[in-house]
Structure formats: C-alpha cells, structure tokens
Amino acid sequence: MVQAGSQHDRLAAALDAIVIGDRSTAHPKPTDLGWQEGLLQTAAACARGEGLPSSHWRAHFQVLTGPAAAINALPYLWVMADAHGHHRAAVHRWVEELELSPVAAMACEQLFAILCQQMGTAHGLRALAAALPGDSSSWDEPGSVGQALGLVVQSQGQFVVAVGLARQRQWAAMSPLGGSCAIALVGLLTGLAGGRAGLGAALRQRWLLDYRPAQPDPWRGLDAGALATLAASLHRRWAGVAPPSTSAPWPLGLRV
C-alpha cells in the first residue's frame with residue numbers, strides 16, 4: 001500500500017498525470033509525438049539501474065522540445081535527486097554532454113531543482129510555490145518548467161484547473177511550448193505537488209483504467225497497473241534497492 005503524500009505516491013501521481021494530461025489533449029502536433037515512447041524507455045532503463053549514458057541517449061534527447069526533454073529526463077532526474085541536491089554537478093554534466101538546446105537544457109535543470117526541493121520535509125504546493133524565484137527572468141523562456149510551475153501554483157494545485165488554463169492559453173497549439181507535452185508537463189508538476197489524491201478518481205478511471213483509444217495510442221495501451229509498476233521500480237532505484245533480474249517482467253515488454 002503506497003502511503004498518500006509519500007515520495008512514492010507523488011512519483012506515481014506525476015507519471016499518471018503525464019499520461020492523463022497527454023491523452024486528454026486533442027490533436028497533438030505531429031512533431032510532438034515520440035516523446036511518450038521515450039519516457040517509457042527512459043523509465044525502464046533507469047528502473048533497471050542502467051542510467052541514461054549521454055553517448056547512448058544524445059540523439060534521442062536532441063530532437064525533443066524543452067517540455068518533452070524534461071519529461072523524458074524525469075526518471076533519471078528522480079533517481080539522482082535528494083533534498084540537498086548532492087548530485088547537482090553530475091546532472092549538470094549529464095545535461096551538458098547531451099548537447100541540448102538552451103531551452104531544453106534549462107528545462108531539465110529546472111525540473112531537477114524542483115525534484116530536489118520536493119524531497120525535503122516541506123513539500124507539496126506551498127513548497128512548490130517557494131521554488132519560484134523572485135527574479136523569474138530565467139524561468140520565463142518559452143517552454144520552460146517555470147511557466148508550467150507558475151500555472152500549477154496559480155491553480156492551487158488543482159489538476160483540472162491547471163490543465164484547463166493551459167488549454168485556454170492554447171499551450172497545445174503553440175509551437176515553442178511543444179504541443180501536448182506542455183500539457184503533460186503541467187500534469188507532472190501537479191501530481192508531484194499533490195499526489196494521486198489530487199488527481200481525482202474520475203480522471204484516472206477515464207484515462208487510465210477504462211481508456212479505449214479511438215486512434216493509435218502513443219502510450220501503447222499503457223494502463224494504471226503498468227504505470228504503477230514503473231513508479232514502484234523507479235522508487236526502489238531511488239531508495240538504493242538493487243534492480244530486478246533481467247528475467248523480471250516489465251510492463252508492455254519495455255526492454256532496451
């Protein structure tokens with residue numbers, strides 16, 4: 001049983017909210033597709049303890065927009081995060097070695113800073129709001145994590161309100177924000193702040209438990225059970241638990 005509000009719960013909620021936010025966004029941009037598969041692969045690799053060596057993942061990350069790069073980096077950033085940011089230099093070096101665009105590099109480093117801050121004893125929406133710097137000039141670049149963070153704080157951590165505001169502002173239609181992954185980024189931060197309880201049972205029921213896509217699903221039919229498996233595996237890796245044997249089953253055959 002995952003304790004409500006625990007780090008495990010908030011990681012699981014972040015993954016759930018990414019998928020819910022993306023699936024509930026109509027007509028993603030053609031250039032926006034592909035990051036969903038990327039997240040599944042990075043999550044599986046990190047859960048197995050492989051990390052994301054820049055030599056292997058550089059080409060993958062270099063074609064992603066800022067929001068998509070941050071979402072795909074989430075599993076690695078989560079495993080590296082702690083309340084004191086001890087691995088900040090290593091994460092910065094990894095981002096540099098990926099040779100990302102300035103916007104994508106900043107998005108990854110901003111998300112890592114937020115994850116470290118949320119690992120502390122004070123977490124949730126109030127702590128998330130504290131992560132917004134007084135001088136937000138470096139957070140206001142198009143597609144930045146800071147824009148999504150500000151929207152979540154403005155919405156009081158309510159997933160439906162935050163996503164609704166993002167749609168009203170046409171984030172999914174704005175090229176700099178990267179299409180549907182911009183909505184998914186809002187979901188990620190909302191889940192991180194409030195855990196699964198903040199997402200609501202109805203949304204999980206519609207977009208995870210009972211979801212039947214009318215068109216090809218970029219998440220390959222991913223369901224709540226598979227997401228829970230990934231979240232539990234990533235949480236174990238963060239906690240220093242050895243990865244399972246190579247014969248262990250992975251949701252949807254995620255093997256790289």
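Q: In which hand of crossing does α4 pass α6, right-handed or left-handed?
A: In this predicted model, helix α4 and helix α6 (residues 102-118) pack with their axes 8 Å apart. The crossing in which α4 passes α6 is right-handed.

Q: How many residues of the contact of α4 with α6 are nonpolar?
A: The α4 side of this contact includes Gly66, Ala69 and Leu77, and the α6 side includes Val103, Cys108 and Phe112. One residue of the contact is polar and none is charged. The number of nonpolar residues is 14.

Q: How is α4 oriented to α5, roughly parallel or roughly antiparallel?
A: The axes of α4 (residues 66-80) and α5 (residues 88-98) come within 10 Å and cross at roughly 155°. Angles over 145 degrees count as roughly antiparallel. Therefore the orientation of α4 to α5 is roughly antiparallel.

Q: Which residues of α5 make the contact with α4?
A: On the α4 side, the contact is made by Ala73, Tyr76, Leu77 and Met80. The residues of this contact divide into seven nonpolar, no polar and no charged. On the α5 side, they are Ala90, Val91 and Trp94.

Q: What is the relative accessible area of Asparagine 72?
A: Asparagine 72 lies in helix α4. Among the residues that Asparagine 72 touches are Trp35, His60 and Phe61. Asparagine 72 is buried, because its relative accessible area is 0%.

Conventions: Residues are numbered from 1 along each chain as its sequence is written. This is a predicted model: local features need pLDDT of at least 70, side-chain atom pairs count only at pLDDT 80 or more; totals for chains, interfaces and linings use all residues. Side-chain values use heavy atoms; hydrogens and water are left out. Axes are lines fitted to C-alpha atoms, for helices over the stretch in contact, and angles run from 0 to 180 degrees between N-to-C directions. Helices (H or I, at least four residues) and strands (E, at least two) are DSSP runs, numbered from the N terminus. Angles under 35 degrees count as roughly parallel, over 145 as roughly antiparallel, 65 to 115 as roughly perpendicular and the rest as oblique. Contact means heavy atoms within 4.5 Å. Ala, Val, Leu, Ile, Met, Phe, Trp, Tyr, Cys and Pro count as nonpolar, Asp, Glu, Lys and Arg as charged, and the others, Gly among them, as polar. Buried means under 20% relative accessible area, exposed over 50%, partly exposed in between (1.4 Å probe, protein chains only). A crossing is left-handed if the near helix is turned anticlockwise from the far one by less than a right angle, and right-handed if clockwise. Lists of a residue's contacts leave out its neighbours within four places in sequence.
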